[in-house]
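Take a look at the sequence and the model, then read on.

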Amino acid sequence: MTYPEPQAVFRYFTEICAIPHGSGQTDAIREYCLQTAKHLGVSATADEAGNVILRKPAASGCEQAAPVILQGHLDMVCAKLPDCPKNMQTDGLDLVWDTDFLSAQGTTLGGDDGIAIAMAFALLESQDIPHPPLTVLLTNDEETGMNGASGLAAEQLDAPYLINLDSEEEGIFTVGCAGGLRLALSLPIVREQASGTLVTLTISGLCGGHSGVEIHKPLLNANRMMAELLSAIPSPIRLCSWEGGVRDNVIPTDAVVQFLCTPCMMTDVLDAISAKRNAILTAYPEETNAQLSVDIPVKSTQFALTKESTAALLETLLHLPNGVQTMHPTLQMPETSLNLGVFRLKSDCMEVTALLRSSVNQAKYDLADAIIAITEQADGQVACSGDYPAWEYQPNTLLEQTAIAVYKSLYSKPPILQTIHAGLECGILAAKAPQLQCISIGPDILEIHTPRERLSIPSAKRTWEFLCALLERLATVKA
Ligand SMILES: [Zn+2]
């Protein structure tokens, strides 16, 4: 096929999309990167953390320049529409090329962060782009805790400059970010054999979105909404199952719950749910596709939670904070937040996975302490993982100044500098290599981490041109 410009970028991007590469399943994409580099005559290694490190000497005439690291991540978030039959662990994506946007049929596109891999290989392949010595660092499993970046050896970061290609808004340079922490809660439950009317309640069609950069938007969390619906039921119920959300870093769009109630209470139960549903949706007018369905109730015997256990669990779940906790005192952005991402009712406990973020490390730990206290009050336990520091902004680095100058020369206007309420690997990498000056850029990618993800083709072209111009300018900066 004929690819849009820049053709090399979209050719590599198409190849990447043909390889399943969700987080935790990066062997194939890693092998592709190593083989492709070998084919291009570029030095290529993979480390124990699953990162790929590729090194290309400076372009001819740029040998004196200080080296530059280009960085992106290997993995993508796999999410699909409920009716999409694709198995994202085994099948490549079905790309949909529109005039302005590239997307994937029924699934996430993985523009986050396939576009970084594609641009890196287009540069490695290029013969006519002036650039400093390049290290391409493609990290493993960024989306599920930045394990690759955490496991990277510091000596791989032997350059003064790092350009991260994992941002999603053209013209915005990200120069700082929030840190994060994952909490896995385990809440005790008591089950017993019980009979009654089995009700299946399904929330679907919520907007969802990125649990960091979209957490301040008026979006419903399917798990929180479900807890509120169930708590509105006036009579005792017995929970049987709860499946809500798919990832801690995605605002949950769906939740399915089954519970038993006494047959004579059915009308009251349905009325209470319906009234609460209307009240919630009135407060969230943006959730225009929200669906709440109740399956035709059936008589059933289940190994269900006791009424007391159900009530205690719902009370604890409602106590858990969710969403933005504090806003930054001067910037119009969240400072501390959390997303109640995944709820799973197991045979012996309720599992809740939450992702906490803050640009203030202590505020993150204070929020964690508050959640731990609520959990321990309910005799539950909390496991913490994936702790990473905030990336604090360092103004006026040479990299920042050069990038601003190049941007102005191309577009006759300054870029916007921002810090974001999401994790970027720059924080982890900069903590390992204090000399490192970092900046994060990328083309416009809309609704990342959702099946509606789409990459702006013209924006990718401009971002590529900007990246090449920046490298050309950095090639004149002596080591
Ligand atoms: Zn990303």
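In which hand of crossing, left-handed or right-handed, does α2 pass α3? The crossing is right-handed, a label used when the near helix is turned clockwise from the far one by less than a right angle, with anticlockwise being left-handed. Bear in mind that this is a predicted model, where local features need pLDDT of at least 70, side-chain atom pairs count only at pLDDT 80 or more, and totals for chains, interfaces and linings use all residues. Residues are numbered from 1 along each chain as its sequence is written.

**The helix pair**
- Helix α2 covers residues 27-40 and helix α3 covers 111-125; helices (H or I, at least four residues) and strands (E, at least two) are DSSP runs, numbered from the N terminus.
- Their axes (lines fitted to C-alpha atoms, for helices over the stretch in contact) sit 10 Å apart, at an angle of about 15° on a scale from 0 to 180 degrees between N-to-C directions.
- That's why α2 and α3 count as roughly parallel, the word for angles under 35 degrees.
- Cys33, Thr36, Ala37 and Leu40 in α2 meet Ile117, Phe121, Leu124 and Glu125 in α3 (contact means C-beta atoms, placed from the backbone, within 7 Å).

**The sheet**
- Four strands make an open, antiparallel sheet, ordered β4-β5-β24-β23; strands pair if DSSP finds at least two bridges between them.
- At the edges are β4 (95-97) and β23 (445-446), each pairing on one side only.
- Strands β5 (101-104) and β24 (454-456) run antiparallel, joined by 3 bridges.
- Phe101 has Ser456 in β24 as its bridge partner.
- Helix α11 (457-474) packs on the sheet, touching β5 and β24, and its direction makes about 55° with that of β24.

How values were computed. Two residues are in contact if their C-beta atoms, placed from the backbone, lie within 7 Å. Angles under 35 degrees count as roughly parallel, over 145 as roughly antiparallel, 65 to 115 as roughly perpendicular and the rest as oblique.
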